[in-house]
Every structure is written in structure tokens, then in C-alpha cells.
Amino acid sequence: MNRLKKLTALLSVAVMAVPAIPTMFGTVGKPVTAYAVDDNNDDWLHAEGSRLYDMNGNEVWLTGANWFGLNCIEYSPHYLYAGDIDDMLQEVADRGINVIRFPISTELILSWMNGTPFQISAGGMQAVYNPPVDQDDGNGGVVKAGTYGNLNKDFVESDGKTLITSDRGFDIILDKCKKYGIKAFIDIHSPHADNSGHNYNLWYGKATADGTIVTTELWQESLVWLAERYKNNDTLLGYDLKNEPHGKGQEGDKAAKWDGSTDENNWAYAATKCAEAILDVHPNALIFIEGVEQSLSGAMPGDYWGIEDRQTNSPYIGAWWGGNFRGAREYPIKPKQGTSQIVYSPHDYGPSVWPQDWFKKDFTTQTLLDDYWYDTWAYINAENIAPELIGEWGGHMDGAENQKWMELLRDYMIENHINHTFWCLNTNSGDTGGLWKNISCGQQQGSTKIEWEENKYALMEKSLWQTQETGKYIGLDHQKALGNNGLSLNEFYTTYASSEGSNLDGGTVLDKAGKPVEIGSSGTTTTTTTDNKTTNTTTTATTAGTTTTTTTKETDILYGDANVDKAVNVSDAVLIMQTLSNPNEYKLSEQGKKNADVVGNDGVTAKDALAIQLIGLYLVSPEQFPLDDINIQ
């Protein structure tokens, strides 16, 4: 589809919603809300020693949870078939989770990259939309306004029931995360889309549904494509290159290893090369590197990877899948760009998942360190080599050994500033259960009821980044607070860090306030630009088929935000056109009128709706507003 046809399709919602306006844009279906172009791009993080910092040197702590489903054959996070995305993310933010790890498959990304994105499965999402006016059903009948509900409405086409493609769906999810102050990162959970794909050892060698073999080259190419696509959207902080590379040493080249070779199954080599390729196109991305399962023990001279195991004096040292970093002492991940974006990400579980040897005693934090944690992964943080993020931890609340392990690991992470994402929000993880116990809803946004596993949440909640006295949860966005009662990074560092401090490092109060990041600052640690509130600056931008002239003026208006929800997307354009067509039923607030006048400084017109919808084609970005004029050529 060429650019002009895409434009016609995008703008048709305005015509559909307001038949009294002349049909100047076309007449095809309702578009999905495109993700908002990041208007600040100032939330990128980097590593120094074992800690993560923002662009002004303020330490941050990633404390979140996993939400799987994009890795599965439904192609969307699970439980959107039982609840509304806005309702669910609002609760996640209000509960203090500041980052979500989203498992996904290489196969799904390849479908996006190749221009054949998989459609979200009806088994994976319940989504309906109320047409604002009666519509022709295409068969001589009429779909009456209000026929359907209003649940996950951004995920359906204009017929009110056909689910959109998964790439558009992921854009919406990122947009919603941004709306509630949540950050995200991607986890390549398996080469192929499979609800049990995590059982596969490697990042390559598996066939997709159409028979394509995912090679190391395709795995890397798909991640580079994704990084290029989202390099200006700092809601997506980084990329976990492969979930739990694993396999027993005696499996040889069918198992992931960590050594100094260039063998294809050497995870250290593959991860380094992939990190370099991503950082070439997106130098601000965090790169999360997991471990392997086994390493050579050095028990006997001449032992090699692939040798048969022995009953005694084993040639291999075991660990959880993705948990073994013993090889990183000798062969650390060092991309050509340096290590400022590298985060090591072990996974750790308790005895309810498997009764490992280190649990076969009255274990304590010290015995866990001595028997397993320290030499396997904890030395990386303890010796200030690099930051760590425990990508998966969690389990059933058994009132016994598994719960004891969770509490010990939780407290160790708090005391040692270790980042983490709890496994998981979902209730349908057989080994661990989830933070959610049950989800139900009606047909309207706002009807979702989430029943939490309150005892499990209470255990995990202590490890969420929060202020020490008032218990306000701290987000990772400089401008947007986390949820209804949380804080933005700027709020924390200017108001709370030097007074009550936070629970980081077991409880820390700074001797002075941190340095806030002002709106308009650059997304790098070395460059800043002029603040948005400049006067009499004119910029002309030309894109394919569109010419715009932008005049920036001193104001605190969020241009384009007609419905005053702190985001700019197609819903603002729809409201503008509804207001123009039927002012008795639809109205803009006074602030909405100011925000909506993005073209010509002549009041709210159809051109304003047109300009806002051009964001979805990346022909215009909110930073360019207000415009002197706009013309489609």
C-alpha cells in the first residue's frame, strides 16, 4: 500500500464519525490508536559499575513484573481476554510496578519485519468498540450505534469486532504503558511462537509456522529491526536477547555454552555480536544478557564441552536455566561500544520449581551464597562488575521452604540494589502461579475486576522502589508519575530523595536533592537541547506527500491533546470531528480547545483533526505542533 492510500485509510475515522463534515479524506475503516511519538525521549538509562543511572546521574531501580502472552500463539499478553488494558495497567501502576518484561517470539517479530504481521487471536483478547454513529454493514444493513461494548476498543477495526494485527497491538500496549508511567522491555522468549517455547534450548534452529528456520542471523536481524523501530520511544528501555539459554553439557552443540569460542552455540559470542548490532542503531538501549544452564567444572584435565557426564567428579556445574554466569568471569560481555548498556540478567527459583541441591538443608542467605548464588551470579553485582536484573523470580506461597527462599532473595535484592522483574502477573504459570488470582469484566472499560494474590503481592511489594515514610512508588519516567499515587523520577529526586529517601540499598537518604531532567532535554547523557518553551522559532518539515510549517510559541499547552488525557493520538482527532459535527452532544473543554488548535491558530477545525491523525503515519510528530498550515499533495 502506498503512502497516499495509507493516509486515506487512516483519516477515514473522522468521516465515519461525523457525516455532516464534507468527505475530504476518504471512506475506509477505523484505524487503531498509534503509539504516541515520545515527546521528551529523556528516560534512557546507562550503567556505571553495578548500578543503573538516568542521564543526569540519578540512580534508578527497576522493580517490576513479567506479563507473558506475546510469545504465545495468541500474540497478545494473556488475560486481555478477561479484562481491559487500561484498567489492568492502571492497577499495575497503582500497585507500584515500574517496569514490565514482555516475553515475545522471534517468529512474531519476523512477521512484523516482513510486513505480514500476525493478527491478534480471538482467543487472546476480548475487544469490542461502539460505533459512534450508525454504520453501513457492507451488506445492505446497518450496524446501530452502541451495538457492541467498549472494551479494549483500540484493538479492533471500525466494524467494532475485528481484531487488529499484533504489531499495531504492541504499539498500543506501549502507548498505554506510557500513559500510566510504566516502562517496558522485550524478552525474546523463544525462536518460535509457542506457549511452551521456553523449553527450547537455543536462540536459533527452530522452524516457524511457515517452515522458516530461525537462524542466528535472523534472530539478530529481527532484534536490530525492532531496536531501529523503537529507538525514539523511551517507554521501551531495552532488549533481553534470549530467555534462558540452556541445555546439558553432554548435549554438545545442541546446548548453550559460555566460553571464548566463536561456535554458534556459544551464547557469550552470540550475545556480544547481537548487542553490538543493536547498539549500532540504538546506542541508548539497555541490553539484558541471561546466563546458561551448565558450565565446565574443571574437575579433570581434558574435560570438554560435550563429554558425557559422570556420576562422580562431574565435568559440569549446573544452575537454573539462564542462571549460570560462571563463564562471565573469564569471558565477560564487552561490546565494541563499551559496557555502559549491558545488564546481566540471571533467573532464580525456589524448591517448588525443582528441589535443587542447595535447598537440601536448613538454607539461609549465607548458605545460598556459599552453595550457589555467589559464584553463579551474585559476584557480578557484589564486585561492581555490572548491574544485574533478576529477570524471573517467584513461586507459590507454600508457607514453607519456597516462601522462605522468596523472602531471602527479596531481601538480598533490596540490600544490594539488584533490579528485578517478578514472575509473573499472569495466573496461568503452572510452576509458579501469578500475582493475579482472578480477572473478570463486563463489556465496558472500567468494569475490570482484578483479584490479586494479596499474600504473594505483599511479599513482593516490599521490593518495589518506594519512599521510606510515605510509601510512594517511584517510577522511571522523569515527567509522568507512576500510577495515581506514585512519583515521577523528577518528583522523587527534587522532593523526596534527600528527605525520606527510598528503600534502595535497604534504606537510603541522599545528602542533597538529585538533578531533575527538564522537559526538552536530550535522550543522551552528554547533550541537551533548548526547552520546548521557546518563542518565535519557525521550522519547516517536508515528508512524502506532506508539507508542514511549524511555529513554536511560549505555552504549557499539550498540542493535540483534545480530550485532555495527557496523550496525543487518533482519539483526539475523533473527538474534534464529533464536536464539529454534533456540538450539542460532543464538547471540548476550554483546555481541550486550546490543545486542539494545532493548525493555523484559527480555532478548532477539521484541519486540526487531520494534523493529529498524521502522527499515525509518522508524517507529523507532536513536537512540530502548532502548524501554520498543512496540505496533502
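Q: Which helix is Ala606 found in?
A: Ala606 belongs to helix 13, which covers residues 606–613. The model is a predicted one.

Q: Buried or exposed, that Ala606?
A: Ala606 counts as buried, because its relative accessibility is 15% and the cut-off for buried is under 20%.

Q: And how far is Ala606 from Ile576?
A: In sequence, Ala606 and Ile576 are 30 residues apart; in space their C-alpha atoms are 7.5 Å apart.

Q: Zooming out, how many helices and strands does the protein chain have?
A: The secondary structure comes to 13 helices and 22 strands.

Q: What share of the residues is buried?
A: Of the 633 residues in the protein chain, 57% are buried. The accessible surface is about 24,300 Å², and 48% of that belongs to carbon and sulfur atoms.

Q: What about contacts between residues 24 or more positions apart?
A: Such pairs account for 69% of the contacts in the protein chain with a separation of 6 or more.

Q: What is the mean pLDDT?
A: The mean pLDDT of the protein chain is 86, with 85% of residues reaching 70 or more. Over residues 1–38, though, the pLDDT is below 50, and that stretch has 98 contacts in the model beyond near neighbours in sequence. Residues 521–555 are also below 50, with 85 contacts beyond near neighbours in sequence.

Q: Switching to helix 7, what does it span?
A: Helix 7, residues 365–382, spans only 14 Å between its end C-alpha atoms, whereas a straight helix of 18 residues would span 26 Å at 1.5 Å a residue.

Q: Where does helix 7 bend?
A: At Trp373, by about 90°. Trp373 is also one of the buried residues of helix 7, among them Leu368, Leu369, Tyr372 and Trp377.

Q: What do the buried residues of helix 7 pack against?
A: They pack against strand 15 (342–344), strand 16 (389–390) and helix 8 (401–415).

Q: And what follows helix 7?
A: Asn384 follows helix 7, and its phi is positive, near 60°.

Q: How about helix 5, what is its reach from first C-alpha to last?
A: Helix 5 has 14 residues, 216–229, and reaches 20 Å, close to the 20 Å expected at 1.5 Å a residue.

Q: Which residues of helix 5 are buried?
A: Thr216, Trp219, Ser222, Leu223, Val224, Leu226 and Ala227 are buried. The buried residues of helix 5 have several packing partners, including helix 3 (106–113), strand 11 (236–240) and helix 6 (267–281).

Q: Strand 11 to strand 12: how many bridges?
A: 3 bridges join strand 11 to strand 12, and the two run parallel. Gly238 stands opposite Leu286 in strand 12.

Q: Which residues cover the faces of strand 12?
A: In strand 12 (residues 286–289), Leu286 and Phe288 lie on one side and Ile287 and Ile289 on the other, and all are buried.

Q: Last topic, the sheet with the order 1-2-3: what is the pairing?
A: The pairing is antiparallel, and the 3 strands form an open sheet. Strand 1 (46–48) and strand 3 (59–60) stand at the edges with a single partner strand each, so one side of each has no neighbour in the sheet.

Q: How many bridges pair strand 1 and strand 2?
A: 3 bridges, in the antiparallel sense, with strand 2 at residues 51–53. His46 has Tyr53 in strand 2 as its bridge partner.

Notes
Residues are numbered from 1 along each chain as its sequence is written. This is a predicted model: local features need pLDDT of at least 70, side-chain atom pairs count only at pLDDT 80 or more; totals for chains, interfaces and linings use all residues. Side-chain values use heavy atoms; hydrogens and water are left out. Two strands pair if DSSP finds at least two bridges between them. Helices (H or I, at least four residues) and strands (E, at least two) are DSSP runs, numbered from the N terminus. pLDDT is the predictor's confidence in each residue, from 0 to 100. Contact means heavy atoms within 4.5 Å. The expected span of a helix is 1.5 Å times one less than its number of residues. The bend at a residue is the angle between axes fitted to the seven residues ending there and the seven starting there. Buried means under 20% relative accessible area, exposed over 50%, partly exposed in between (1.4 Å probe, protein chains only). Accessible areas come from the Shrake-Rupley method with a 1.4 Å probe; for residues, only the protein chains shown count as cover.
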